[in-house]
2 protein chains.
Amino acid sequence: MIPARPYAFAIDRLRKAGLRPTRQRLALLRLMFDGGDRHVTAEQLHAEALAAKLRVSLATVYNTLNQFTAAGLLREVVVEAGRSYFDTNTSDHHHFFFEASGRLQDIPGADLKVSDLPPPPAGTTVSRVDVIVRVKSPDNN
Amino acid sequence: MIPARPYAFAIDRLRKAGLRPTRQRLALLRLMFDGGDRHVTAEQLHAEALAAKLRVSLATVYNTLNQFTAAGLLREVVVEAGRSYFDTNTSDHHHFFFEASGRLQDIPGADLKVSDLPPPPAGTTVSRVDVIVRVKSPDNN
DNA sequence: AAATAGTCTAGAATGATTCTAGACTATTGA
DNA sequence: TCAATAGTCTAGAATCATTCTAGACTATTT
């Protein structure tokens, strides 16, 4: 579970993304990626960082998440107005969204298929297809 | 184009939704629905209302949009963190999202199909499946 | 027409996110 | 090795969308 040369690997990922491997970025990267596939908000990650004794400002967490997203290390998922999740799984897949709790859960890409997609409007190309399956618990509805 | 008894029809829709047909609600309803299928933000609708000489507060626009959504007259579409669109088309359909301009365009429901959807997690039922096809212009990218 | 229940409003409050300006740090190259 | 530089970090202010509040107003009921 624990990578043999954890920092070397993380440093390499950052370098390839054109980002200097700073203490903050390294720590945030490992916090996000050492736990498998995750969906975190900036606030959540900030709280985790503080709990792990890393001193980082919330602004840096936001900057870092945006930089990682731009570099393709993360994918941003928008499900509710006013809240962004960052997904450590950047491969082709979709999501269940629990309306009651506001939580996300991956749907493996292979399971779900989108077909008969009409051609994109003239002059544009498809950059991504997002499928959100909103589910509710019959009880708290 | 102009309905024969515009207000009577609008009043009826509101009554059926359990909402009193007030001046503000009637005007906002007609502003939204008299132009065919539309995707508007609260700010946009507020600006339109003011331009049409209707004095409404932004708070009322938000309240009204939320009430209409709860009543099933509108559908809320979230594509970008921090911005909600309200869609006057509540029938089964999906959207193209222009990343460059932030605009939405309907994809008729019949065109696109989602298949092999895994069963929803235990204890939940699917309330809606949203498909967002994000497109970009090769130029401004 | 009076009582009531519901609605509207301006402005304050909230919550997420971005900006700012100065302090700090990784990288470069002599 | 060390200064120059370019990039990064931070706390707090600023911004933006949205919701809340409390009092004034209005549709409905009696």
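This is a predicted model: local features need pLDDT of at least 70, side-chain atom pairs count only at pLDDT 80 or more; totals for chains, interfaces and linings use all residues.
A polar contact is taken here as a pair of N or O atoms within 3.5 Å. A sugar or linking oxygen of DNA strand C lies 2.6 Å from an N or O atom in the side chain of B:Gln24. A base nitrogen of DNA strand C is also contacted, at 3.4 Å from an N or O atom in the side chain of A:Arg20. Two or more residues of the surface near DNA strand C come from each of α4 (58-70) of chain A, α2 (23-33) of chain B and α4 (58-70) of chain B. Of the elements concerned, α4(A) gives the most, with four residues.

In total, 18 residues surround DNA strand C, and the closest are A:Arg15, A:Tyr62, B:Thr22, B:Gln24 and B:Thr60. Within 4 Å of the protein, 80% of the atoms of DNA strand C belong to sugar and phosphate. By class, this surface comprises six nonpolar, seven polar and five charged residues.

Around DNA strand D there are 19 residues, of which A:Thr22, A:Gln24, A:Thr60, B:Arg15 and B:Tyr62 come nearest. Sugar or phosphate atoms make up 80% of the atoms of DNA strand D within 4 Å of the protein, and bases supply the rest. Phosphate oxygens of DNA strand D are approached from both chains. In chain B, a polar side-chain atom of B:Arg15 lies 2.6 Å from such an oxygen. In chain A, a polar side-chain atom of A:Arg25 is placed 3.0 Å from a phosphate oxygen of DNA strand D, while A:Ser57 contributes a polar backbone atom at 3.2 Å from a phosphate oxygen.

At least two residues of the surface near DNA strand D are supplied by each of α2 (23-33) of chain A, α4 of chain A and α4 of chain B. The largest contribution, four residues, is that of α4(B). The residues of this surface divide into six nonpolar, seven polar and six charged.

Interactions of aromatic rings were examined as well. The count of aromatic pairs over all chains is zero. In chain B, B:Arg13 lies over the face of B:Phe33, at 4.7 Å from the ring centre.

Methods:
Residues are numbered from 1 along each chain as its sequence is written. Chains are lettered from A and ligands numbered from 1 in the order in which they are written. Side-chain values use heavy atoms; hydrogens and water are left out. Rings of Phe, Tyr and Trp (its six-membered ring) pair if their centres lie within 6.5 Å; planes under 30 degrees apart count as stacked, over 60 as edge-to-face and the rest as tilted. A charge sits over a ring if NZ of Lys or CZ of Arg is within 6 Å of the ring centre and within 35 degrees of the ring normal. A residue is near a molecule or strand if one of its heavy atoms lies within 4 Å of it. A polar contact is a pair of N or O atoms within 3.5 Å; within protein, one must be able to donate a hydrogen and the other to accept it, and residues adjacent in sequence count only if both atoms are side-chain atoms. Ala, Val, Leu, Ile, Met, Phe, Trp, Tyr, Cys and Pro count as nonpolar, Asp, Glu, Lys and Arg as charged, and the others, Gly among them, as polar.
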